[in-house]
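Here is a short briefing on one protein chain. Please keep the sequence and the model open while you read.

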Amino acid sequence: MPSDYGDESGEKMLDNFTRFCEFKGEAAMRERARKIQDACDHAKSNSKAHEVIDDGDEKRVEWAKLDMAEFRAIEGYEEIKQVIEAKLRAHGVEPVWFEDKAAGKEYLLFRVVDAQEVWDGFDELSNEAETAADKAAEKVKEHIREGRDDRPLEVRAKQAREASEALEAERSGARAQAREPRFQELRSK
């Protein structure tokens, strides 16, 4: 996937979505991808000026901050944060994270001169999320197909019983008793 996107953030996103899909299912993974897309799309409008530098007659804004609340609400935020970092670094932006413990918020800080690269990075992440979700779903389906057991049910059941008996014998420390079928007398009225 790095070759698809030119950086390692795409590979991180694919790996992250694949693991999430394996544990939570495809529907949950696609919902998460949609939330990431929405958060990336809203990121541009949510940044605020952070530090103003008084340079004689004019005041310049040097830093901007982006509230990560929407991203933090998504399950697996720490992995998403790593994907964001990788994407921003690919655009030449060194992300700085600031956690405001009193307010319970976390911000992404960046220089205003890097704003266009930050927005471009979030646009790319938004576009890549759907593609990564599709590839992750296909990858998980392929793993399931490869791992499918083609043996007949009777054979699998017999092997499972044998394995269970072997485990039981190990647990008891003695030989497992062979169980003979019990005959019962049936009476009817």
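Predicted model: local features only at pLDDT ≥ 70, side-chain atom pairs only at ≥ 80, totals over all residues.

Residues are numbered from 1 along each chain as its sequence is written, and side-chain values use heavy atoms, with hydrogens and water left out.

**Overall fold**

- The chain has seven helices and four strands. Helices (H or I, at least four residues) and strands (E, at least two) are DSSP runs, numbered from the N terminus.
- Along the sequence, the pattern reads α-α-α-β-β-α-α-β-β-α-α.
- Of the 189 residues, 30% count as buried. Buried means under 20% relative accessible area, exposed means over 50%, and partly exposed lies in between (1.4 Å probe, protein chains only).
- Contact means heavy atoms within 4.5 Å. Of the contacts in the chain with a separation of 6 or more, 62% join residues 24 or more positions apart.

**Helix H2**

- Helix H2 covers residues 9-24, which makes 16 residues. Its first and last C-alpha atoms are 22 Å apart, close to the 22 Å expected at 1.5 Å a residue. The expected span is 1.5 Å times one less than the number of residues.
- Its buried residues are Ser9, Gly10, Met13, Leu14, Asn16, Phe17, Thr18, Phe20 and Cys21.
- An α-helix has 3.6 residues a turn, so residues three or four places apart point the same way.
- Gly25 follows H2 and has a positive phi, near 105°.
- Thr18 sits in H2. Thr18 counts as buried because its relative accessible area is 5%. Beyond its neighbours within four places in sequence, Thr18 contacts Ala136, Lys139 and Val140.

**Helix H5**

- H5 has 14 residues and spans 20 Å from first C-alpha to last, close to the 20 Å expected at 1.5 Å a residue.
- Buried residues in H5 are Tyr77, Ile80, Lys81, Val83, Ile84, Glu85, Ala86, Lys87 and Leu88.
- After H5 comes Gly92, whose phi is positive, near 85°.

**The cavity**

- The structure holds one cavity of 30 Å³ or more. On a 1 Å grid over the protein atoms alone, a cavity is a set of points where a 1.4 Å probe fits but cannot get out; lining residues have an atom within 4 Å of a point.
- The largest cavity has a volume of about 70 Å³. Grid points are joined across faces, edges and corners, and the volume is the space filled by probe spheres set on the points.
- The lining of the largest cavity consists of Met13, Asn16, Phe17, Ile36, Cys40, Phe71, Glu79, Ile80, Val83, Ile84 and Leu125. H2, helix H3 (26-43) and helix H5 (77-90) each give two or more residues to this lining.
- H5 supplies the largest share of the lining, four residues.
- By class, the lining has nine nonpolar, one polar and one charged residues. Ala, Val, Leu, Ile, Met, Phe, Trp, Tyr, Cys and Pro count as nonpolar; Asp, Glu, Lys and Arg count as charged; the others, Gly among them, count as polar.

**The nonpolar core**

- The largest nonpolar core has 36 residues, of which Phe17, Phe71, Ile84, Phe110 and Phe122 touch the most other members. The elements giving two or more residues to this core are H2, H3, strand S2 (58-67), H5, strand S4 (105-111) and helix H6 (115-147). H6 gives the largest share, eleven residues.
- A nonpolar core is a set of buried Ala, Val, Leu, Ile, Met, Phe, Trp, Tyr and Cys residues joined through side-chain atoms within 4.5 Å.
- Phe17 touches Met29, Arg32, Ala33, Ile36, Ala129, Ala132, Ala133 and Ala136, leaving out residues up to four places away in sequence.

- Ser126 lies in helix H6. Ser126 is buried because its relative accessible area is 5%.
- Ser126 touches Gln37, Cys40 and Asp41, not counting residues up to four places away in sequence.
- Asp41 belongs to helix H3. Asp41 counts as partly exposed because its relative accessibility is 45%.
- Asp41 and Phe122 are 81 residues apart along the chain, with 7.1 Å between their C-alpha atoms.
- Ala115 is in H6. Ala115 is buried, at 15% relative accessible area.
- Ala115 and Ala64 are 51 residues apart along the chain, and their C-alpha atoms are separated by 8.0 Å.

How values were computed:
1 Å grid on protein atoms, 1.4 Å probe; cavity = no way out; pocket = protein on both sides within 12 Å on 5 of 7 lines; lining within 4 Å.
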